[in-house]
Amino acid sequence: LALSSTGTVLTVRPSSPMAANTRHTFTLSANVADLSGNRLGQPVAVAFDTLDTTPPPLPPAGSVSATIP
């Protein structure tokens, strides 16, 4: 975790690659406080999805054609 010098941006970098095509949830404790000591008061959860990095299937041999103008 890294907090910006202004205290407005929290950067999270996982120690290993995250699973593709997966929902992840990051939860901040109610005790997290800003630089003035103001606490969140209740937990805050943020959910996000990683991209599906599975490549599409290759077309059957001979099924792709192209023309050059």
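This is a predicted model: local features need pLDDT of at least 70, side-chain atom pairs count only at pLDDT 80 or more; totals for chains, interfaces and linings use all residues.
Residues are numbered from 1 along each chain as its sequence is written, and side-chain values use heavy atoms, leaving out hydrogens and water.

**Exercise 1. Determine which secondary structure elements the protein chain contains, and how its radius of gyration stands against that of a compact globule.**

Step 1. Helices (H or I, at least four residues) and strands (E, at least two) are DSSP runs, numbered from the N terminus. The protein chain has zero helices and four strands, in the order β-β-β-β.

Step 2. The radius of gyration is taken over C-alpha atoms, and the globule rule is 2.2 Å times the number of residues to the power 0.38. For 69 residues a compact globule would have a value near 11 Å, whereas the protein chain has 22 Å.

Step 3. Along the principal axes, the C-alpha atoms fill a box of roughly 65 × 25 × 20 Å.

**Exercise 2. State what share of the residues is buried, and classify Val 12, Asn 21 and Thr 50 as buried, partly exposed or exposed.**

Step 1. Buried means under 20% relative accessible area, exposed over 50%, and partly exposed in between (1.4 Å probe, protein chains only). Of the 69 residues, 3% count as buried.

Step 2. Val 12, in the loop between strand 2 (10-11) and strand 3 (23-28), is partly exposed because its relative accessibility is 41%.

Step 3. Asn 21 also lies in the loop between strand 2 and strand 3; Asn 21 is exposed because its relative accessibility is 53%.

Step 4. Thr 50 follows strand 4 (44-49) and is buried because its relative accessible area is 18%.

**Exercise 3. Identify which residues Thr 50 touches and which backbone atoms its side chain approaches.**

Step 1. Contact means heavy atoms within 4.5 Å. Leaving aside residues up to four places away in sequence, Thr 50 touches Met 18, Ala 19, Ala 20, Asn 21, Thr 22 and His 24.

Step 2. The Thr 50 side chain reaches the backbone oxygen of Ala 19 at 2.6 Å. A polar atom of that side chain also lies 3.2 Å from the backbone nitrogen of Asn 21.

Step 3. Asn 21 has a phi near 55°, a positive value in a residue other than glycine. Most residues other than glycine have a negative phi.

Definitions and conventions: A polar contact is a pair of N or O atoms within 3.5 Å; within protein, one must be able to donate a hydrogen and the other to accept it, and residues adjacent in sequence count only if both atoms are side-chain atoms.
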